[in-house]
Amino acid sequence: MSRAVERDVLAGAGIALSVLAAAAVLAPKAGNSRIHSQRMRTLPKSGPQPRTAVRAARRLNGAAGMLAASVLADSSVEHYRGSFKNRAMYTPLVVSALTLATSLHGTSDMQPLAHRLRDSCYVLAAATGLAGTGFHFYNVTKKVGGFSWQNLFYGAPLGAPMAILLSGLLGFCSERVRETARSRRPEVFGLPAARTIAAVTGVGLLGTSGEAGLLHFRGAFHNPFMAVPVTLPPIGAALLFDAAARGQGRAHPFTRAWMWLLTAMGLIGVGFHAYGVSRNMGGWRNWTQNVLNGPPLPAPPSFTGLALAGLAALGLMREHRDA
């Protein structure tokens, strides 16, 4: 215990002894003291401690950073493969790098206050994700045959820009959790923060799993492990939806364990994709071509980022019963 805290404790003890001495002398006023104690017992329970809110916010910053890092690496490779034909293809690289730096700053920030610059960066990331989704839809529909399976397989991936959108949204939510006053419950857009984040993460898991399913279907599921990212994440999404519906301070141990499983799945998936690259002609000796044409190495960590967001939501849900 620091000296400052010891002084505060001693000072508090001295005040308490003084109050007790005064109460002994002024016994007739004891009734008022009992009334005051009864009123104090009827006050509503306070919101989360600042440390609890900051801890949950930093976890969300980390999740947003993981998603931003995945987008930065993936969009760099994919847009380089597309020769940056459109100047706008540089945008996700710049925005995801900025979002990653913002998330690292938020992860190291111990202050229970929202940061305006971080808020602006996260809103920019979300807007970039929406705009990028529109560009990718346009890229698919302008090809011969329009909106067809062939173009969905080989055109711009429709779900890819949603990763930076989720990164911005989770980061924005982290700032709302961080600035929660002690007397209030954590909220996002007027809704309970933990349950809202759990539901958003569940939707993100479904979307990311759908994108993986589309590309793995293109690969004819030639490896049985290609079924893993289209089976485990939807179960995790269902568990998060259930946690969001039930909430109320539950620990949800099975859901937490499943989120850790998805965290590991995203990291292990990089190894499987690296093996997929090695199976192409020339293997890693011809990495400059095979990294571009093989399975995308940075894609699986998107599941890790979403799973970390789910863990942050579950942790806040456990620590504050109204979140």
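From the N terminus on, the elements of the chain follow the order α-α-α-α-α-α-α-β-β-α-α-α-α-α. Colour the whole chain by secondary structure to follow this order in the predicted model. Of the 323 residues of the chain, 42% count as buried. Among the contacts with a separation of 6 or more, 74% join residues 24 or more positions apart.

**First stop: helices α9 and α12**

Select residues 232-246, which form helix α9, together with residues 301-319, which form helix α12. Two packed helices are described by the angle between their axes and the distance between the axes. Here the axes come within 11 Å and cross at roughly 20 degrees. Angles under 35 degrees count as roughly parallel, and α9 and α12 are therefore roughly parallel to each other. Their crossing is left-handed.

Next, display the side chains at this contact. Helix α9 contributes Pro233, Leu240 and Ala243, while α12 contributes Phe303, Gly310, Leu314 and Met317. By class, six of these residues are nonpolar, one is polar and none is charged.

**Second stop: Leu262**

Move to helix α10, residues 253-278, and select Leu262 within this helix. Is Leu262 buried or exposed? With a relative accessible area of 0%, Leu262 is buried.

Which residues does Leu262 touch, leaving aside those up to four places away in sequence? They are Leu205, Leu232, Pro233, Gly236, Phe303, Thr304 and Ala307. For Leu205, draw a distance to Leu262 between the C-alpha atoms: the separation is 9.8 Å, although the two residues are 57 residues apart along the chain.

At 12% relative accessibility, Thr133 counts as buried. Leaving out residues up to four places away in sequence, Thr133 touches Leu158, Pro161 and Met162.

Phe137 is partly exposed, with a relative accessible area of 37%.

Now show the aromatic side chains; the structure holds eight aromatic pairs. A pair of aromatic rings is described by the distance of the centres and the angle of the planes.

Begin with Phe137 and Phe147, a stacked pair with 6.1 Å from centre to centre and 5 degrees between the planes.

Continue to Phe172 and Phe189. How far apart are the centres of the two rings? The distance is 5.8 Å, and the planes stand at 15 degrees, so this pair is stacked. Phe172 is in helix α7 (residues 161-178) and Phe189 in the loop between β1 (187-188) and β2 (191-192), so the pair ties together parts that are 17 residues apart in sequence. Phe189 is exposed, with a relative accessible area of 61%.

Finish by selecting Trp149, Phe153, Tyr154 and Phe217, which form one aromatic cluster.

Methods. Residues numbered from 1 in each chain as written. Predicted model: local features only at pLDDT ≥ 70, side-chain atom pairs only at ≥ 80, totals over all residues. Heavy atoms only, no water. Axes fitted to C-alpha atoms, helices over the stretch in contact; angles between N-to-C directions. Helix = DSSP H or I, 4+ residues; strand = E, 2+ residues; numbered from the N terminus. Parallel < 35°, antiparallel > 145°, perpendicular 65-115°, else oblique. Left-handed = near helix turned anticlockwise from the far one by under 90°. Contact = heavy atoms within 4.5 Å. Nonpolar A, V, L, I, M, F, W, Y, C, P; charged D, E, K, R; others polar. Phe/Tyr/Trp six-rings, centres within 6.5 Å; stacked < 30°, edge-to-face > 60°. Buried < 20%, exposed > 50% of the residue type's maximum accessible area, 1.4 Å probe, protein only.
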